[in-house]
Amino acid sequence: MESPTPESPQPESPSSLPASVALLAEGEAAPLHPRIHLHRAFFSRYLPDPRDLIVYVPPDYEQHPERTYPVLYLHDGQNLFDPRTSFMPGRTWQVREHADAAIEAGEVEPLIIVGVYNTGDRRLAEYTHERNWQMGGGEADAYGLLLTRELLPWIAARYRVRADRESTGLGGSSLGGLATLYLGLRHAESFGKLAVLSPSVWWNHKSILGYLNERAPAIWERPRLWLDVGDKEGRRTLHDVEHLNRRLKANGWVPGETLHFEKVHGGTHDESSWAQRVRPMLKFLFPRSN
């Protein structure tokens with residue numbers, strides 16, 4: 001999808017949204033948690049559907065108003081925190097609980113986490129980099145412009161984030177893992193950390209592997225990359241992700257330094273399993289330095 005011309009009608013500006021709205025359950029007066037905030041209907045010039053944003057701030061955020069924080073953007077935001085909105089009702093990634101525990105244990109640098117809700121029926125289109133003749137898709141470039149040109153500066157204007165590449169991460173699972181890898185390579189100047197969980201390498205005859213081979217030589221510094229797959233996700237998925245791991249190493253990623261690959265024993269392709277990977281993923285991508 002092409003970006004609009006200057007004469008195109010512009011959607012409502014995201015700046016009209018309140019900076020911090022406590023997430024309320026349907027019909028409830030109490031927020032889900034005081035450090036989780038919901039921003040409704042984020043509009044974009046690049047894609048037709050508005051989407052909600054959900055933002056986690058770390059335990060010390062209000063106590064240190066002078067401090068700035070690294071930030072991790074995660075796809076499928078409705079699956080991260082709130083059991084009422086998750087694709088599998090009652091099962092989330094438990095991101096707040098795992099991030100809090102890792103931060104309080106001194107394993108992870110305090111960080112801000114932004115969940116970007118998917119748009120339901122158009123999720124497949126936005127999370128895929130090429131169009132498949134049977135399934136459609138192929139709007140990831142437009143989604144990447146939403147992230148880099150609109151969302152990153154919008155968050156930086158409202159939260160105390162560090163905007164440099166080394167402090168900015170992107171992550172997701174399944175098609176969200178595919179989108180993370182593609183956009184992390186395409187916009188390597190914006191994202192220095194990638195969380196690629198159970199990626200859908202299979203999409204469009206595994207074309208992401210070819211893109212990796214083409215794009216990697218042009219990236220001046222490899223983003224730090226967490227890659228995982230559960231050994232109960234199916235033979236094809238396991239084989240594909242192991243193949244991706246080999247391609248990453250062949251293209252300059254160094255295990256233990258810029259790459260961590262984990263084959264999760266008993267891991268399955270669902271929110272409950274991805275929740276178990278949040279804390280080690282954060283520990284690798286955002287380790288506490290002191």
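**View 1. Helices H5 and H6 run roughly parallel to each other in this predicted model.** The axes of H5 and H6 come within 10 Å and cross at roughly 5°; angles under 35 degrees count as roughly parallel, over 145 as roughly antiparallel, 65 to 115 as roughly perpendicular and the rest as oblique. Axes are lines fitted to C-alpha atoms, for helices over the stretch in contact, with angles running from 0 to 180 degrees between N-to-C directions. Helices (H or I, at least four residues) and strands (E, at least two) are DSSP runs, numbered from the N terminus. From H5, the contact (heavy atoms within 4.5 Å) is made by Lys206, Leu209, Gly210, Leu212 and Asn213. H6 contributes His239, Asp240, His243, Leu244, Arg247 and Leu248. By class, the contact of H5 with H6 has 4 nonpolar, 4 polar and 3 charged residues. Ala, Val, Leu, Ile, Met, Phe, Trp, Tyr, Cys and Pro count as nonpolar, Asp, Glu, Lys and Arg as charged, and the others, Gly among them, as polar.

**View 2. Helices H4 and H5 are also roughly parallel to each other.** H4 spans residues 175-186 and H5 residues 203-215. Their axes come within 10 Å, crossing at roughly 25°. The crossing is left-handed, that is, the near helix is turned anticlockwise from the far one by less than a right angle (right-handed if clockwise). On the H4 side, Leu178, Leu181, Tyr182, Leu185 and Arg186 take part; they meet Trp203, Ile208, Tyr211, Leu212 and Arg215 in H5. This contact has 8 nonpolar, no polar and 2 charged residues.

View 3. Not counting residues up to four places away in sequence, Leu248 touches Leu212, Leu225, Leu227, Trp253 and Leu259. Leu225 lies 23 residues from Leu248 in sequence and 9.5 Å away in space, C-alpha to C-alpha.

**View 4. The protein has 7 helices and 8 strands.** Of its 290 residues, 54% are buried. Among contacts with a separation of 6 or more, 73% join residues 24 or more positions apart.

**Notes.** Residues are numbered from 1 along each chain as its sequence is written, and side-chain values use heavy atoms, with hydrogens and water left out. Because the model is predicted, local features need pLDDT of at least 70 and side-chain atom pairs count only at pLDDT 80 or more, while totals for chains, interfaces and linings use all residues.

How values were computed. Buried < 20%, exposed > 50% of the residue type's maximum accessible area, 1.4 Å probe, protein only.
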